[in-house]
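The sequence and structure are shown below.

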Amino acid sequence: MNVTQKILAAHLVSGELKRGTEISIRIDQTLTQDSTGTMAYLQFEAMGIPRVKTEKSIAYIDHNTLQTGFENADDHKYIATVTKKHGVYLSKPGNGICHQVQLERIGKPGKTLLGSDSHTPTGGALGMIAIGAGGLDVAVAMGGGAYYLSCPGVVNVRLTGSLKRGVAAKDVILELLRRLSVKGGVGKVMEYTGPGVATLSIPERATITNMGAELGATTSVFPSDEVTRQFLKAQGREEDFQPLTADADATYDETVEIDLSTLEPMVALPHMPDNVKTIKEAGQIKVDQVCIGSCTNSSYQDMMRVAAILKGKTVHPDVSLVIAPGSRQVLAMLSANGALHDMIQAGARITETACGFCIGMGQSPSTNAVSVRTNNRNFFGRSGTKSAGIYLVSCETAAMTALTGYLADPRQTDADLNVDMPDLFDYCDNLIIPPAAAEEAAAVEVVRGPNIKPFPQADALAEDLSGDVLLKMEDNITTDHIMPSDSSLLPFRSNIPKLSEHCLAPVDATFPARAKAAGGGFLLAGQNYGQGSSREHAALVPLYLKIRGVLAKGFARIHQANLINNGILPLVFVNEADYDRFDQQDTIALPGIRKLVESGATQIPVENKTKGFTAMMKLELTERQRKMILFGGLINMIAAEGK
């Protein structure tokens, strides 16, 4: 067996490990963050389960940290009290980005992790099956329920050689994105093997598994080896180590070969992570802003290489440099060893250990600016400035670029980039707050501010459906398009009615008003609809607007699951050419839809009443998913079945 199969088999609750069939697995750990967490805990409360049943669940506050009004702070207070009551640990603001802290202090080889953040696969660097999901799926897992998924294929990403000086782990995943695209990992786990694996540190592996989410992959995973043991030992938790490698005769569905020694520094150009070129191919590009950090590239090792490049030099006068270390542990160590001083003296602005600029929470670039960042995503408008171009690079490339004012090749630096992993990290868990003991939980009051509104729930599926196509969209519509995430809207993540005023506004500013006036309807989309974040709001807000179904050429995995969880039909064109026959404002009908779903029909006729034709759509649901659609979502199904 390969590593993926070993972990899945050890956690299998139902089904068999046959690609494409539905399986369910037991979840050991969960994580939430404050952008998705409030809704997840509201859903957990709705289930009536007094205490979480996982080995460890933890809530991070790392997204909505600007606190420009009461809304974010109210969400934080709610999360702090609801987690205390129900057995969930709390990582306070300032402790760090969820994936960085999870890697440092919580993750364990061989375990399963489900997180309400699409970059949860970062945990695969430790040899975990770590999967991003919607908040409702995480809430169910916290309650002891299994997580259901389509059994993924496993891709053997075989690494040979070693990275040359100035070439980084970020360049490895950018090369994969260049080859495979943002759809190349759909339905797959990327499992890393080969002699090159041993040359990569845990932070380097984490960069690769983190950004594997941009491939559309279910998750990514490395073996748990001596490098893993040394990292956990340095974190004071060697007892969490267990070796885990693929068997010598393990088989895979596909193989991708990467010789690390042949890679060059890479860059993803606007506005997709797979729009990748080498730095040389991209040419000389004048840069206005450089942002270093995010859950992809904010480790101690990353930051020390940045400090080495900046030491004794000065940021180019035309460049604004912002650096956000990934955790309090990283920041404390930089402060203690003088590296933070080197960054500040060079002209860097140090921001708090949070997601920040990566999710548009501050540091929006100027009009028409070029911003070079170590983020994992460069979707249009995500930075908060629609006219800006966002370029994704390694920390080394970003630091060199900050000094030169142009997109630069880090191999030209004279700095020593050999940063050894410390024998002992400066770990301190005093900002991870344990929950109340079970016998004390009843006395804990859950505090709900006025911005926290109930989540919407769908009605049971009607016998027939009809309505207008309210919006026609192209390929690769992201969750940022569906439910924008920036500093002005993040405070309202617990207020669906408020968010509904902005749904799909980046595609069509008139959509929210039109959807409300119409009383609901349908959406039409191209390929890979809903790629990007795991944010369940991209399904909850359309549900609030009474969207009954989405007709698309194809869906991203997490978003499709979120639609089904909330009772919205995800319909896929049997003949993609039919997409062109539909237009915005066409009236469509799905006669007898309830009986078709009850019967297990996989092809659904959709009548275009405006143009007088019928198109066939695929509706490929498991038996469990059919029940969810019929009941009007997972919460309704749980309530009806008493589970």
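Four bridges pair strand β15 with strand β16 (residues 320-323) in the parallel sense; two strands count as paired if DSSP finds at least two bridges between them. This is a predicted model, in which local features need pLDDT of at least 70 and side-chain atom pairs count only at pLDDT 80 or more, while totals for chains, interfaces and linings use all residues. Residues are numbered from 1 along each chain as its sequence is written, and side-chain values use heavy atoms, with hydrogens and water left out. Helices (H or I, at least four residues) and strands (E, at least two) are DSSP runs, numbered from the N terminus.

From β15 the chain passes through helix α10 (residues 300-310) to β16, a right-handed β-α-β crossover (clockwise from the first strand over the helix to the second, with the strands pointing away from the viewer). β15 also runs parallel to strand β18 (residues 370-373), joined by three bridges.

Thr81 belongs to helix α3 (residues 70-86). Thr81 counts as buried because its relative accessibility is 13%; buried means under 20% relative accessible area, exposed over 50%, and partly exposed in between (1.4 Å probe, protein chains only). A polar atom of the Thr81 side chain lies 3.1 Å from the backbone nitrogen of Val447. Beyond its neighbours within four places in sequence, Thr81 is in contact with Val444, Glu445, Val446 and Val447, contact meaning heavy atoms within 4.5 Å.

Methods
Polar contact = N/O pair within 3.5 Å; in protein donor to acceptor, adjacent residues only side chain to side chain.
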